[in-house]
Amino acid sequence: MTALVLGIPSKGRLMEATEALLGKAGFALTRNGSDRLYRGRLGGIEDVDVAFLSASEIATSLKEGKIDLGVTGEDLLRETLRPEDDRVDVLERLSFGFANVVVAVPEAWLDVARMSDLDEVSESFYKRHGRRLRVATKYLNLTRRFFANKGVTGYRIVESLGATEGAPAAGTAEAIVDITTTGSTLTANRLKILDDGVILESQAVLALRTECEDDQRVAALRAGLSRALAKP
Amino acid sequence: MSGRSSAERVALAAQNERVMAVFEGAGFDHIAPDILQPADIFLERSGEDIRANSYVFTDPEGAEMCLRPDLTVPACRYHLMHAVRPDSEARYCYCGPAFRFTQGGRAPSEFGQAGIEWLAAPDSEASEAKVLALAIAAVKAAGLKRFRVKLGDLNLFHALLDGLDMPERWRRRLIHQFWRPQAFRETLARFAAREELSRTSISPFVDQVMNKDAKGTQGWVESECERRGLAPVAGRSAEDVAARLADKAADRSAHPLAPEAVHAINAYLAIEGDAASALRQLETMARSETYREALERYRRRIAAMRAEGLRPEDFFFAAPFGRNLEYYTGFVFQIEADAALGPLQVAGGGRYDDLLSDIGSPVPVSAVGCAIGTEQLLAAMGGRS
């Protein structure tokens, strides 16, 4: 039987939490000798290989079919896959890695509460400055989809690969779309989340290629994880 | 698309030649605008949405470029670079490829457009009728026999709102939302609602400025920001913020939109029929000078169509038509072929008076034009596209 490949985050809290959960479910992770950084096996279940990848690589590898299953943030999964893409599905939400993807604007915008306000502001901003309101984010697709859905079109995305929350103060954008756990970084940067500005309530998920939905190993993995998640 | 066979290539080239002969014969200057365009102009004009369906990339020097998603903007840029003055009259025609990405490959990403753009025409309605007549002549010259023409007039809607009693900012909101039917209905319902608007996180600020004048509101915004240690950031002054807060305060005390006004808007949007008899329905809505002027332009356009040898009775007018095309500012039209698999849009056009200013003209330049989808047209006649 061909081994299923499970992608697991290669570092950080996401890796630790994943490894702990798998252990609790009875699937101890063992790392392969020489390339222990990249490859491993899952105990307690036959023929499941583990690939250690960055969380964003896991989403991409699932989309491209390079791995069969993967643990990653739902934010990265939704960003990478189009909504109508049925090749990849969420199998289990893992109850860690909670964070929200949100739209935030300067606190000094006392007149802006909702996306419809942002729409109005972006129109008058264009008329006044002759350029579009800029939104800094690394979530290009989530932002486009959400803004289009809310009818906000008169803006431009400025791609940001780190410290997005600093963009408005630095003058490189007017608003941001970013991920936040407690909101304290936003507050520290004098930004506020719009009333209807939560794009996604994200957490870590186990996602899979739908073509292996009926695989017995997937069923076993899922059953083990459900039991572990149900335990206090 | 995986290329064209020599037969397909020859069929398309022959068709396009017949189309262009119509445009050139009418005195339109055949130009070839650049395929590679600076992305900025498209992104600034249309906002982020266009990036999702455009081919945008960086050249080796780091400049953001794109493959033109249509030929109208490139033709207008050509004009601004070559014309003696931006508002010198010019008549252009063109034929060439345009590029748009569609998710899941629903439509070909590379397609041809043959079209005309008439800038700074001396007579608005006559030029509109002429452009429509040429579009029809061109698809006929290509061999299209069965088709329908749809017409709309965005200017009439603006004029209708002008005659209805409501705060100017409501009018601006309705016009802004017009091309999004769902948002438009919601906005209209909100203006017409008599109950208190739902509270939001900024309602306490609106409470604070309820009885203040413009100066007082700005003073409150400034002191509130100072109290919280907030610097005015991100391109918006305390004045901007205060003006919108004052609008929100005024909205609270404004009388809701009268049922007669809501009725007038809905009745207007329900108007449809052949372009000649629609005029009689449109006449019943007249209540302001602006509307009567817009109606007069409609009337002159109908007369100009007849002068071009067209029969307005054969065209279908619908008041909401064109609302999904943000580009246009007045007269709009579409030509739909009766193809084997149902109606197929082969051409579209209209008036777009804001575009040249948007892309850098220092003076307003009126513009009307149309574009034919060359592969669509060939497909409509049973040829492969």
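Predicted model: local features only at pLDDT ≥ 70, side-chain atom pairs only at ≥ 80, totals over all residues.

Start by selecting residues 12–24 of chain A: this is helix α1, which lies across β1 (4–9), β2, β5 and β12 of chain A. Helix α1(A) runs at about 130 degrees to β1(A). Angles here run from 0 to 180 degrees between N-to-C directions, with axes fitted as lines to C-alpha atoms, for helices over the stretch in contact. Helices (H or I, at least four residues) and strands (E, at least two) are DSSP runs, numbered from the N terminus.

Residues are numbered from 1 along each chain as its sequence is written, while chains are lettered from A and ligands numbered from 1 in the order in which they are written.

**The sheet of chain A**

In what order do the seven strands of the open sheet come? Read across and you get β2-β3-β4-β1-β5-β12-β6 of chain A, with mixed pairing. Two strands pair if DSSP finds at least two bridges between them. Colour β2 (29–31) and β6 (88–93) of chain A: these stand at the edges with a single partner strand each, so one side of each has no neighbour in the sheet. On average, neighbouring strands of this sheet are turned by 30 degrees against each other, direction ignored.

Next, zoom in on β5 of chain A, residues 69–73. Is β5(A) mostly covered or mostly open? Mostly covered: five of its five residues are buried. Buried means that 20 or more other C-beta atoms, placed from the backbone, lie within 10 Å of a residue's own.

With β1(A), the pairing is parallel, over two bridges, and Leu6(A) has Leu69(A) as its bridge partner. With β12 of chain A (residues 204–209), β5(A) runs antiparallel, joined by five bridges. Click Leu69(A) and Leu208(A) to see one bridge pair, then Val71(A) and Leu206(A) for another.

**Zoom out: chain A as a whole**

Of the 232 residues, 46% are buried.

Five residues of domain 1 of chain A are in contact with seven of domain 2 of chain A, where contact means C-beta atoms, placed from the backbone, within 7 Å.

**Over to chain B**

Bring in chain B. Here 28 residues are in contact with 29 residues of chain A. To see the elements of chain B that give two or more residues to this side, select α2 (39–46), α3 (49–52), α10 (214–228) and α11 (238–253). The largest share, four residues, comes from α11(B).

Chain B has a domain 1 (6–33 + 68–161 + 266–380) and a domain 2 (200–255). Taken over C-alpha atoms, their centres are separated by 44 Å.

Now select residues 124–141 of chain B, helix α5. Its 18 residues should span 26 Å at 1.5 Å a residue, and its end C-alpha atoms are 25 Å apart, which agrees; the expected span is 1.5 Å times one less than the number of residues. Among the buried residues of α5(B) are Ala135(B) and Val139(B). After α5(B) comes Gly143(B), whose phi is positive, near 115 degrees.

Last stop: Ala347(B), in strand β11 (residues 342–351) of chain B. Ala347(B) is buried, with 28 other C-beta atoms within 10 Å. Beyond neighbours within four places in sequence, the contacts of Ala347(B) include Ala135(B), Val139(B), Ile335(B) and Cys370(B).

Methods: Buried ≥ 20, exposed ≤ 12 C-beta atoms within 10 Å, placed from the backbone. Contact = placed C-beta atoms within 7 Å. Domains from an automatic or database assignment.
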